Amino acid sequence: MSGATPSTRAGADRPPLAGVDVRLSAVDAAGKGAPVQWQDERLTLREPPIANSADIADVRSVLDDYGMTALQIRYRPEAHQRIHDGTAAMVGQRIAISVDGRVVTVATVQGPFSESMRLSGLPGKDEAQELAKHITGK
């Protein structure tokens with residue numbers, strides 16, 4: 001998972017559809033929070049999430065630095081400071097991205113971000129495109 005710049009986007013914004021629940025949540029190492037399954041691991045996610053669907057301005061599939069398809073999420077300006085503060089407090093800890101209650105990926109926060117993020121290394125080569133279509137309808 002890495003930060004990205006707005007220059008990686010083109011065209012009109014593609015926000016999440018009404019009713020699609022996208023969350024950026026802290027994984028609670030102490031096991032306090034909402035239980036979820038990810039791969040072969042049982043995790044607990046803290047409430048409230050660091051960011052949710054209402055904070056997202058744009059979602060689309062893009063090519064990552066290795067030519068693989070990744071999911072690009074750009075956040076609304078009014079959420080930038082809150083996301084920055086939330087991820088700054090999480091450096092070295094794990095966060096999860098979930099879509100409609102299903103954890104898509106878990107990563108260790110390398111540094112704070114606020115404007116956007118890119119999810120690389122998803123299991124299937126088409127998963128980023130399928131997720132973007134599910135989230136935005138496009």
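Two strands count as paired here if DSSP finds at least two bridges between them. Keep that in mind, because this chain has a lot of pairing to get through, and strands pair through backbone hydrogen bonds, either parallel or antiparallel. One caution at the start: this is a predicted model.

Three strands make an open sheet, in the order β5-β6-β9. The pairing is antiparallel. Which strands stand at the edges? They are β5, residues 56-63, and β9, residues 116-119. Each has a single partner strand, so one side of each is left without a neighbour in the sheet. Neighbouring strands of this sheet are turned by 20 degrees against each other on average, with direction ignored.

Look at one pair inside it. β5 meets β6, residues 69-75, through seven bridges, in the antiparallel sense. Find Val-59 on your screen. Opposite it, in β6, stands Ile-73.

Now step back to the whole chain. How many helices and strands are there? Two helices and nine strands. Along the sequence the pattern reads β-β-β-β-β-β-α-β-β-β-α. The radius of gyration is 14 Å, close to the 14 Å that the globule rule gives for 138 residues, so the chain is as compact as a globular protein of that length. The C-alpha trace spans about 40 × 30 × 30 Å along its principal axes. Buried residues make up 44% of the 138 residues. And take the contacts with a separation of 6 or more: 67% of them come from residues 24 or more positions apart.

On to the other open sheet. Four strands, in the order β4-β1-β7-β8, with antiparallel pairing. Here β4, residues 51-52, and β8, residues 102-108, stand at the edges. Each has a single partner strand, so one side of each lacks a neighbour in the sheet. Two bridges join β4 to β1, and the two run antiparallel. Arg-23 has Asn-52 in β4 as its bridge partner. Helix α2 packs on this sheet, touching β1, β7 and β8. The direction of α2 makes about 120 degrees with that of β8.

There is also a hairpin. It is formed by β2 and β3, with two residues between them. Strand β2 covers residues 34-38, β3 covers residues 41-45, and five bridges pair them in the antiparallel sense. Trp-38 has Glu-41 in β3 as its bridge partner. In the turn, Gln-39 has a positive phi of about 50 degrees.

Next, the inside. In soluble globular proteins, nonpolar side chains tend to be buried together. In this chain, the largest nonpolar core has 27 residues. Which residues have the most contacts inside it? Leu-24, Leu-71, Ile-73, Tyr-75 and Met-117. Six elements each supply at least two residues of this core: β1 (22-26), β5, β6, β7 (94-99), β9 and α2 (127-136). The largest share, four residues, comes from α2. Apart from this core lies another, of eight residues, among them Val-27, Val-36, Val-103 and Val-106.

Stay with Leu-71 for a moment. Leaving out residues up to four places away in sequence, Leu-71 touches Val-59, Arg-60, Met-117, Arg-118 and Leu-119, among others. The list of its contacts also includes Leu-122, Ala-128, Leu-131, Ala-132 and Ile-135.

Two single residues before I stop. First topic, His-80. His-80 lies in helix α1, residues 80-88. Is His-80 buried or exposed? Its relative accessible area is 18%, and buried means under 20%, so His-80 is buried. A polar atom of its side chain lies 3.5 Å from the backbone oxygen of Arg-76. Not counting residues up to four places away in sequence, His-80 touches Tyr-75, Ser-114 and Glu-115.

Second topic, Val-20. Val-20 sits in the segment before β1. At 11% relative accessibility, Val-20 counts as buried. With residues up to four places away in sequence left out, Val-20 touches Ser-53, Val-99, Asp-100, His-134 and Ile-135. How far is Val-20 from Gln-81? They are 61 residues apart in sequence and 23 Å apart in space, C-alpha to C-alpha.

Methods: Residues numbered from 1 in each chain as written. Predicted model: local features only at pLDDT ≥ 70, side-chain atom pairs only at ≥ 80, totals over all residues. Heavy atoms only, no water. Axes fitted to C-alpha atoms, helices over the stretch in contact; angles between N-to-C directions. Buried < 20%, exposed > 50% of the residue type's maximum accessible area, 1.4 Å probe, protein only. Polar contact = N/O pair within 3.5 Å; in protein donor to acceptor, adjacent residues only side chain to side chain. Contact = heavy atoms within 4.5 Å. Core = buried A, V, L, I, M, F, W, Y, C linked by side-chain atoms within 4.5 Å. Rg over C-alpha atoms; globule rule 2.2 N^0.38 Å.
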